[in-house]
Amino acid sequence: LPICSKFELLSLLQDKDFKKDPLPPPFVNPPARLSTSMETYQHHTIDQLYLGSDFFWAMTPKKGDHVAFDFQKPVVLTKVVIYSGSNDHPGDICTNVTVDGHKVDGVKTAAAASVALCKFDKKGVAECNVDESIGPLASVVLKFSYESKTWVIIRQLNFHWRRGN
């Protein structure tokens, strides 16, 4: 058996495909039911991202894919912060992805009740203040409008919301 230091041993045990970026500080998102049309890689689920305990990693998004956050109770959002990509996989970012809110207003058609909140930029970031006059939202949906050649990582997702709606 070869002799090696503890440091060498630890580096041998590291996942060769992915060196985990540090997670952002814990954040409490509003209670929601989560779903996605994309195939999740291993245990990196949208649920884990939403709870702040891991990142979301999905295989190549297709046009029309989505990630949906259906709030248990309608919420008034004040800010949306979403970061995609990672240090080890900088190309696994969201671009041409919209962040849409679905209002609670009795309108039956999704198009009429939908409001664009923000869009991911070329660096894979979607960050915006939300005008509270939009009112309570029943859900937020990330909509992919492209076919991707790479996978996608979402490493941070924070819905700032006014509690006590």
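Does Asp70 count as buried, partly exposed or exposed, and at what relative accessibility? At 24% relative accessibility, Asp70 counts as partly exposed, where buried means under 20% relative accessible area, exposed over 50%, and partly exposed in between (1.4 Å probe, protein chains only).

## Basis of the model

This is a predicted model, in which local features need pLDDT of at least 70, side-chain atom pairs count only at pLDDT 80 or more, and totals for chains, interfaces and linings use all residues. Residues are numbered from 1 along each chain as its sequence is written, and side-chain values use heavy atoms, with hydrogens and water left out.

## Salt bridges and the Arg33 pair

The structure holds 4 salt bridges, each defined as a side-chain nitrogen of Lys or Arg within 4 Å of a carboxyl oxygen of Asp or Glu. One of them joins Arg33 to Asp70, with the closest N and O atoms 3.4 Å apart. Arg33 belongs to strand 1 (residues 32-36) and Asp70 to strand 3 (residues 66-84), so this pair ties together parts 37 residues apart in sequence. Strands (E, at least two residues) are DSSP runs, numbered from the N terminus. Arg33 is exposed, at 59% relative accessibility.

## The Lys79 pair

Lys79 forms a salt bridge with Glu127, and their closest N and O atoms are 3.5 Å apart. Distant parts of the chain are linked here: Lys79 is in strand 3 and Glu127 in strand 6 (residues 125-129), 48 residues apart. Lys79 is partly exposed at 26%, and Glu127 is partly exposed at 40%.

## The Asp100 pair

Asp100 pairs with Lys143 in a salt bridge whose closest N and O atoms are 3.5 Å apart. Because Asp100 lies in strand 4 (residues 97-103) and Lys143 in strand 7 (residues 137-144), the pair ties together parts 43 residues apart in sequence. Asp100 is buried, with a relative accessible area of 8%, whereas Lys143 is partly exposed at 35%.

Definitions and conventions: Helix = DSSP H or I, 4+ residues; strand = E, 2+ residues; numbered from the N terminus.
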